[in-house]
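Dear colleague,

Please take your time with each part.

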Amino acid sequence: VDDFSLEARLRDLEAIVAATGYERFSLLGMSGGSPVALAYAAAHPDRVDRLIMYGGSAVGSYDSTPSDAELAFRAMIRAGWAQEDSEFRRFFTNRFIPGATEEQLGWFDELQRMSTSTENAVVSRIARWGVNVLERLPRITAPTLVLHARGDVVAPVAEGHILAAGIPGAQFIELDSKNHILLENEPAWERFCDEVLEFTGLKR
């Protein structure tokens, strides 16, 4: 992969949808995949019957120039992503799941290393920094549910409020959690499941 741009990722999603053969479907956008889901829903209102967003943001960054903290994050990825020792990756793990057990933290440390190369981790992060789909939000016509963890530090809850305010008629639900990735043993995960199933007309 040499193109991590929003438009390239949108084309990927369009190709996947075309391959499924579905005419209409519910779309879930989570975390860094949120801008892609938002862009798809705006471009294809005839295909998306419901849109669900979790832990997302319409903007990678509101600053055109990377902050010192962002440059430090990228340097940490370059220095430690591929190392067997998880010290560098643990910094990111702690931001994603601060409420995790040591075993869960270890799983996520290793998952990061296995999921992508150091170079792709850096390039994709840089690409996400420049994403901005705010102007597309008013074009989304699908009924939309926005869920966000109150204590999320990866994507602050304010970003969820911005999404809900920008999408006509969107419903916002704040979850009582500090985890960007909800854990199965926390009440916020149960509420997430209940709200999504109710929104989509399904039952457990």
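In this predicted model, strand E3, which covers residues 144–149, pairs with strand E4 in the parallel sense, and the two are joined over 5 bridges.

Looking at the whole sheet, you will find 4 strands in the order E1-E2-E3-E4, forming an open sheet in which the pairing is parallel. Strand E1 (25–30) and strand E4 (171–175) each have a single partner strand and stand at the edges, so one side of each is left without a neighbour in the sheet. If direction is ignored, neighbouring strands of this sheet are turned against each other by 15° on average.

A helix also packs on this sheet: helix H7, residues 157–166, touches strand E2 (48–54) as well as E3 and E4, and its direction makes about 170° with that of E3.

The next thing to look at is how some of the helices pack on one another. Helix H1 (residues 6–20) and helix H2 (residues 34–43) have axes 9 Å apart and pack at an angle of about 65°, which means that H1 is roughly perpendicular to H2. The crossing in which H1 passes H2 is right-handed. On the H1 side the contact is made by Leu-6, Arg-9, Leu-10, Leu-13, Glu-14 and Val-17, and these meet Pro-35, Val-36, Ala-39 and Tyr-40 of H2. Sorted by class, this contact of H1 with H2 holds 8 nonpolar and 2 charged residues, with no polar ones.

Another helix pair is formed by helix H3 (residues 68–80) and helix H6 (residues 118–129), which pack at an angle of about 160° with their axes 9 Å apart, and H3 is therefore roughly antiparallel to H6. The crossing of H3 and H6 is right-handed. From H3, the residues Glu-70, Phe-73, Arg-74, Ile-77 and Arg-78 meet Thr-118, Ala-121, Val-122, Arg-125, Ile-126 and Trp-129 in H6. Which classes of residue make up the contact of H3 with H6? The contact of H3 with H6 divides into 6 nonpolar, 1 polar and 4 charged residues.

With kind regards

Conventions: Residues numbered from 1 in each chain as written. Predicted model: local features only at pLDDT ≥ 70, side-chain atom pairs only at ≥ 80, totals over all residues. Heavy atoms only, no water. Pairing = 2+ DSSP bridges. Axes fitted to C-alpha atoms, helices over the stretch in contact; angles between N-to-C directions. Contact = heavy atoms within 4.5 Å. Parallel < 35°, antiparallel > 145°, perpendicular 65-115°, else oblique. Left-handed = near helix turned anticlockwise from the far one by under 90°. Nonpolar A, V, L, I, M, F, W, Y, C, P; charged D, E, K, R; others polar.
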